[in-house]
Amino acid sequence: MKTPATQPSSSRMRTLAHSIAIAFAGGAALAPFAAQAANDDIQKVVVTAQSRSQSAQDVPISMEVVTARDIQNLGAKNLGDLNGYLPGLQVDATQATQPVFGIRGVQPGDFGIGTDTPVGIYVDGVYTGKTGGALMNFIDIQRVEVLKGPQGTLFGRNSAAGAISVVTNEPDDNLDVAGHVKVGNYNRVNMDAMLNLPLGKDTAARLVVVRAASDGWVRNTTTGTRTGGDNSWATRLSLKQKIKDATINLSWEHEQLRQHGWPAFGVVKDPALPQSGYTGVYDAAYIANFVDPRKAPLENDTDGRERRVFDGVTLRAELPLGGVTLRSTTAFRTFSSSNLTDNDGTSRADFRLSTDDHKNAYNWQQEFKLSGKTDTLDWIAGVSFYDNRERQTSSAIVNTATLDTISQMQGGAADFATLFAGLAQAGVPGVDGSSNFSWGEHTYSRLHSRAVSVYEDIIWHVTPATNLTTGVRWSRDRKTMQWYVPARQSPELDALLNTYGPAAGLDASSLPANVVFGAAGQLAATPVNASHSWSDWSPRVVLDHKLTGDLLLFASLSQGYQAGGYNVFTPPNPASADAKARDPSFAPEKMTNLELGFKLYLPSIRATLNGSLFAYRFKNLQDIKLGGTGAISTYNIVSSDQQAKGLDLDGRIRVAPGVTLFAGLELIDQTYHRYQTTGSDGATLNLSGQPVGTPVFSGMAGVNGSWDAPGGRINATLQGSYHGKSRCNDDTRALQCMNAPAFRTGTAVSKADLRLAWDNASGKFGVALLVNNLFDKRYVYNLDGQTKPLGMPFASITPPRMIGLELRGSL
């Protein structure tokens, strides 16, 4: 019997088709995420997904809507807490300053400044980037709209695979004061407060402050500190001014984050390993020695740290101009972030390796949109300008004992230990064969990105029941990158050699300039630069038809584009005869997406059912993989062509007064169309036709109930999510889909959350119990770190059950 990784595509699609048939058969019981809770009517959910205010059921796009109530039910503090509850959306928020977003399996992991993400994140229409400013605290959120598939004709920046649009509350003319306090286990304390203040007939202000902190759910036995928690605060001050028919919104947002890094659980605990067992590949004999990280102590020689300071100013204006409306968005964003991580998962001095990533970014954006409506046409046209300047410092922090270990693992000798023993024999004080000195290497990168785009999107009302939407986007991007890799920094070692080494013919200059970034250091010992420009035309065509007043059918064909980029660890070689070496840029990403969908509302049974069949091909998707030519692996960009076919379904049904069932699912068959890479043994792997890794099935379901109680009303929401097991290929089977005696990776994952609340009759105050990960499910979801050449991977595991008590009040 063939494994899923080698199963012919025709067989896979028969299996997928069978699953689709089953899903449709049970579709009447489906319901969307809690955005449509018991007392809500989905017809009243108004979105701006198409840059127009429309009912969610009238938008011919596969999309999910998360409202403020959903966020409250989950106790979500950012987009990462929604992971699993929107099938098709993947958010890895393990590290707040290096988040990863994916839609329908398109989930690149590059954290360098040289590339962009195909999933665009927008807050009130402002593009947030993909690194330090992409995952921010929710501050007074009205709703989150998740749009699947290319959306280039609707937003100012490119969004090749989809868009996440966060919409906040604006100031209004009502005096309003509200606040929440949440306390929980692991010393969790979350607070938020909001003041909405009318300042005159046409002026209002809104101030929101948010605080989130916890000690963390695991103790580092090496340092004695707790980690896995968070510590941040944020604020937004908004001012809204009406001048006749014009509206101006000015907002300032500030956030500070200071917390320990994510815990890295080592799985190799035998002190004799890996030297006595690791041969460069993870065979059955070696992984038999792995321990279960869920049961092993956390032993990191650094607690890690994440820091961020963010500021953003946004000016939005809306002005009617004789039958058309002009909307202008001007935004400035700046942040500085740092991320120190233990990269060996141990406290062993001979395997010390930490990485530190610092970024500073400054960008401004300007977008102008014109829109208008007639009896037959509803159109928008826009122009967008984007200028981003970023700096990144990537550091590898090791010591001489680690460098000796690397040498020995590669068949060499413990050169530093031999050197120190010789110096000790010569009478050098304070040094012997066990001496150990720090050794740090750094790469410095700068990026200047400039982009301009022009786009239009026209809805033609062909008949009262039929619309034809056409749109096109022209984009022009230019990136200028600089690399600089100075010599290693080891001041104590240099001082020792420069003082006592000359007598033996040694000094600091006799050591290599770089070991970790050796090849990069040779090419960029002095700053080197490269520039490249890309341009693109991306269209969108959508036909939708109201078969009945409650059933919308739609078909769409769209393309998305993302500019090419650079790898921060691959500087150009100006002296090379190879043009690619002189300009090591990556080709642009391109996605083509076909979609057939429906949106059905059944008022007689208070139910909705939405579905979409999709197929896409993604060309030159930029991702990262550990590798490189240095002594220690570095993350390098890899490009692949991918394709997928699948189904999205979501729906709701009110089964009794005050009781609503809701659910959603995604079925997807995602494979590499064309991709070659290098395996752990150095052999070339052709993964074309093999699975990318995205589970075939992901889904969520829940129930919301509301009933009268003494003095008020009780509301309860129980919801859960499930992701099937990862689909293995010849490259990921070793670690990402590993079956060790102690634990497995790539397994199916489930999670349940509960919220039980009482609100007083006036709705002005209430109390709620929140339980995240209700059944305390724990999973090993990743093995990463220095898997080669050291053979010391570390694991990331899901947090335990979290319990919180929330108090809220308002005037």
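Reader: Which ring does the charged end of Arg488 sit over?
Author: In this predicted model, the charged end of Arg488 sits over the ring of Trp439, at 5.1 Å from the centre of that ring.

Reader: And what about the charged end of Arg157, where does that sit?
Author: The charged end of Arg157 lies over the ring of Tyr386, with 4.2 Å to the ring centre. Tyr386 also belongs to an aromatic cluster, which it forms together with Tyr122, Tyr127 and Phe155.

Reader: Switching to ring pairs, how many aromatic pairs are there in the whole structure?
Author: Searching the whole structure gives 20 aromatic pairs. One of them joins Trp217 and Trp262, whose ring centres are 5.8 Å apart and whose planes stand at 65°, and because planes over 60 degrees apart count as edge-to-face, that is how this pair is classed.

Reader: Where in the chain do those two sit?
Author: They come from distant parts of the chain, 45 residues apart: Trp217 is in the loop between strand 12 (203-214) and strand 13 (218-219), while Trp262 is in the loop between strand 16 (246-259) and strand 17 (265-266).

Reader: Are Trp217 and Trp262 buried or exposed?
Author: Both Trp217 and Trp262 are buried.

Reader: OK, and how are the rings of Phe697 and Tyr722 arranged?
Author: Their centres are 6.1 Å apart and their planes meet at 45°, so the pair counts as tilted. This pair, too, links distant parts of the chain, with Phe697 in strand 32 (residues 697-709) and Tyr722 in strand 33 (residues 712-723), 25 residues apart.

Reader: What does the accessibility of Phe697 and Tyr722 look like?
Author: Phe697 has 32% relative accessibility and therefore counts as partly exposed, and Tyr722, at 38%, counts as partly exposed as well.

Methods:
Residues are numbered from 1 along each chain as its sequence is written. This is a predicted model: local features need pLDDT of at least 70, side-chain atom pairs count only at pLDDT 80 or more; totals for chains, interfaces and linings use all residues. Side-chain values use heavy atoms; hydrogens and water are left out. Rings of Phe, Tyr and Trp (its six-membered ring) pair if their centres lie within 6.5 Å; planes under 30 degrees apart count as stacked, over 60 as edge-to-face and the rest as tilted. Helices (H or I, at least four residues) and strands (E, at least two) are DSSP runs, numbered from the N terminus. Buried means under 20% relative accessible area, exposed over 50%, partly exposed in between (1.4 Å probe, protein chains only). A charge sits over a ring if NZ of Lys or CZ of Arg is within 6 Å of the ring centre and within 35 degrees of the ring normal.
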